[in-house]
Amino acid sequence: MNKADITKLLQRVKNNEIEVEAALDILKDLPYKELGFAKIDNHREIRVGYPEVIYCEGKTVEQVKDIIAFMLTKDNNILATRASAEKYEAVKAICAEAQYNPLGRTITIRRREEKLTDSYIAIVSAGTSDMPVVEEAAETAMILGNRVEKIMDTGVAGIHRLFAKIDLIRGAKVVIVVAGMEGALASVIGGLVDKPIIAVPTSVGYGANFGGLSALLSMLNSCASGVSVVNIDNGFGAAYNASIINKL
């Protein structure tokens, strides 16, 4: 439940449209639901504005299915990240409307309409190999109610490709830049736009990339102002923060 849902419920109690006992039954799973292996934070949307997201890596198929089975009872939109096809099939068996993005490894379930923002988040990738992170970010941003524009394969090795899309990038309220190798794209865009940039280093690159560490350090040491950095391959974290900025 979110603040609006609880406000409506309390108003119904005040207007004698629902019994106090019935309202208590609706609220019984606040602040969290104990599943034994997990505690589902039903209070999170009230505190921070967005419901809990399921990180699937490290969880068993049954654990993911059971968590989603409970969350379905609340009629919220659901996002699960780092989900395998096997976990998706288990979820699909209990929820036919579940959607899977195999590249971004996300499961999304839409149970309520989210009004999309007028402004948009631009997600810019350096190379095609960065697309899994782009897709995770895009799915996250969209289910949180944001318009998204994806601008793919505009890395510094062919900088003219970036300039062809610069007006679209400048029109965004916030820009997510996804890059591996040396991670230079975030600095380049930082010197061209007047919007906040969230840089996502990816693990794409040869040996000295150190699984994304070189891109991470390059982005952290950017000389361009307005660039902040999330963890390696963390498209979800970048999109979550971008959504907060986009809705200010």
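In the predicted model, an open sheet is built from 4 strands arranged in the order β3-β4-β6-β5, with mixed pairing. Its edges are formed by β3 (54-55) and β5 (99-101), each of which pairs on one side only. Strands of a sheet pair through backbone hydrogen bonds, in either a parallel or an antiparallel manner. For β4 (residues 78-81) and β6 (residues 106-109), the arrangement is antiparallel, and 3 bridges join the two strands. Within this pairing, Ile78 has Ile109 of β6 as its bridge partner.

Helix α6, spanning residues 131-143, lies across β4, β5 and β6. The helix runs at about 15° to β6.

A search of the whole structure for aromatic pairs returned 2. Tyr88 and Tyr100 form a pair with a centre-to-centre distance of 4.9 Å and an angle of 15° between the planes. The pair is classed as stacked because planes under 30 degrees apart count as such. Tyr88 belongs to helix α5 (residues 85-94) and Tyr100 to strand β5, so that the pair links distant parts of the chain, 12 residues apart.

The largest pocket holds about 230 Å³ of space. The pocket is lined by 18 residues, of which Ala126, Gly127, Asp130, Gly155 and Met181 are the closest to its centre. By residue class, the lining of the largest pocket comprises 8 nonpolar, 6 polar and 4 charged residues.

Conventions:
Residues are numbered from 1 along each chain as its sequence is written. This is a predicted model: local features need pLDDT of at least 70, side-chain atom pairs count only at pLDDT 80 or more; totals for chains, interfaces and linings use all residues. Side-chain values use heavy atoms; hydrogens and water are left out. On a 1 Å grid over the protein atoms alone, a cavity is a set of points where a 1.4 Å probe fits but cannot get out, and a pocket is an open set with protein on both sides within 12 Å along at least five of seven lines; lining residues have an atom within 4 Å of a point. Grid points are joined across faces, edges and corners, and a volume is the space filled by probe spheres set on the points. Ala, Val, Leu, Ile, Met, Phe, Trp, Tyr, Cys and Pro count as nonpolar, Asp, Glu, Lys and Arg as charged, and the others, Gly among them, as polar. Two strands pair if DSSP finds at least two bridges between them. Contact means heavy atoms within 4.5 Å. Axes are lines fitted to C-alpha atoms, for helices over the stretch in contact, and angles run from 0 to 180 degrees between N-to-C directions. Rings of Phe, Tyr and Trp (its six-membered ring) pair if their centres lie within 6.5 Å; planes under 30 degrees apart count as stacked, over 60 as edge-to-face and the rest as tilted.
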